[in-house]
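Let's take a walk through this fold, starting with a sheet and ending with a couple of loops. Keep the structure open beside you as you read.

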Amino acid sequence: MATLDTSNIDLLIIGGGAAGLTAGMYGSRAGLKTVIVEKNAAGGKLLLIDLIDNFPSLEEGIDGFSLAEKMTKHAAKFGAEVVSDDIISLEKNENIFIAKSKNSEYKARAVIIATGSTYKYLSVDGEGKFLGKGVSYCATCDGPFFKGKDVVVVGGGDSALTEAILLTKYVNSVTLVHRKDSFRAVDSIVKLASNNKKIKYMLNSVVLSIDGTNKVEIVSIENLLSKEITKVKADAIFIFIGSNPNTLFLSKSILDNEGFIKTDENHQTGIEGLFAVGDVKSGQFRQIVTAISDGATAVNNAIEYINKLDGKEYH
């Protein structure tokens, strides 16, 4: 295999999840020398999903590992190269972006950031064990699997209450656990949740453990005031206590207050030629299909940017 020339890249994609792999496929198919740098295995959060049943055309569903494998092969088919590396800095020098890892340097004409975000975990017993077996961080993704069941939701912000309301369309009941006695969510969402008879509350409370045999069966919850521990029977627990964007290597000038990347309608950041897609974007609706859409759209705009550098019109 020929050694990869990292000094003459048209399109560098940092992150190899659904958004990054899609961008890689579209970029290489368009004839750009495209390199995808992923510090872990290609696929990102897809690798954590047991079953995806809302992906268009795959009516039988597919596991995340298989979908990631298909997307990686599809990108490679058109010539995209996937490199295992961890980018620690990115800067722009005139019209060239320079991305550095501990041992390598990548020079590219355009860059797409697709590094995603990392869920904030409760870090309690059973959380990792039952991931995909009742532990979830996405009601839109997994809510339909628990029709008529009883579930627990953890969190007190907009996401937690919004997802709790969404879950009531499917489940029998939602027990909403929040460590404080009031919510951070906006008043309108709090009122909607309060008026929903399927939602009951355990405030001033925290989850101690998640238990079961092969799946979630019991969630142990402690009241912080009385120290009473209640074992709640549940088929699933949905955790919405926030996420951390993977953006430590980027300039704070392109980030919002929470560290997510600010972009315009073309997915471009405040730096020309630098785009962001998927979960790492500010205000993003986080689904596989939206990540894929982001990846395809960003490449289209990256091509236009590169053509302008070359003095060409883009059609």
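Two strands are taken to pair if DSSP finds at least two bridges between them. With that in hand, turn to the open sheet of this predicted model: 5 strands, ordered β8-β15-β9-β10-β11, with parallel pairing. The edges are held by β8 (135-136) and β11 (199-203), and each has a single partner strand, so one side of each is left without a neighbour in the sheet.

Now zoom in on one of those pairings. Strand β9 (residues 150-154) runs parallel to strand β15 (residues 236-239), and 4 bridges join them.

Next, the helices. Helix α4 lies across β9, β10 (173-178), β11 and β15, and runs at about 170 degrees to β9. What does α4 (residues 158-167) do with α5 (residues 187-194)? Their axes come within 10 Å and cross at roughly 35 degrees, and the crossing is left-handed. On the α4 side, the residues in contact are Asp158, Leu161, Thr162 and Ile165, which meet Ile189, Val190, Leu192 and Ala193 of α5. The residues of this contact divide into 6 nonpolar, 1 polar and 1 charged.

Finally, the loops. Between β11 and β12 (205-211) sits Asn204, with a phi near 50 degrees, a positive value in a residue other than glycine. Another non-glycine with positive phi, about 70 degrees, is His267, found in the loop between β16 (243-245) and β17 (274-276). Is His267 buried or exposed? His267 has 8% relative accessibility, so it counts as buried.

Methods
Residues are numbered from 1 along each chain as its sequence is written. This is a predicted model: local features need pLDDT of at least 70, side-chain atom pairs count only at pLDDT 80 or more; totals for chains, interfaces and linings use all residues. Side-chain values use heavy atoms; hydrogens and water are left out. Axes are lines fitted to C-alpha atoms, for helices over the stretch in contact, and angles run from 0 to 180 degrees between N-to-C directions. Helices (H or I, at least four residues) and strands (E, at least two) are DSSP runs, numbered from the N terminus. A crossing is left-handed if the near helix is turned anticlockwise from the far one by less than a right angle, and right-handed if clockwise. Contact means heavy atoms within 4.5 Å. Ala, Val, Leu, Ile, Met, Phe, Trp, Tyr, Cys and Pro count as nonpolar, Asp, Glu, Lys and Arg as charged, and the others, Gly among them, as polar. Buried means under 20% relative accessible area, exposed over 50%, partly exposed in between (1.4 Å probe, protein chains only).
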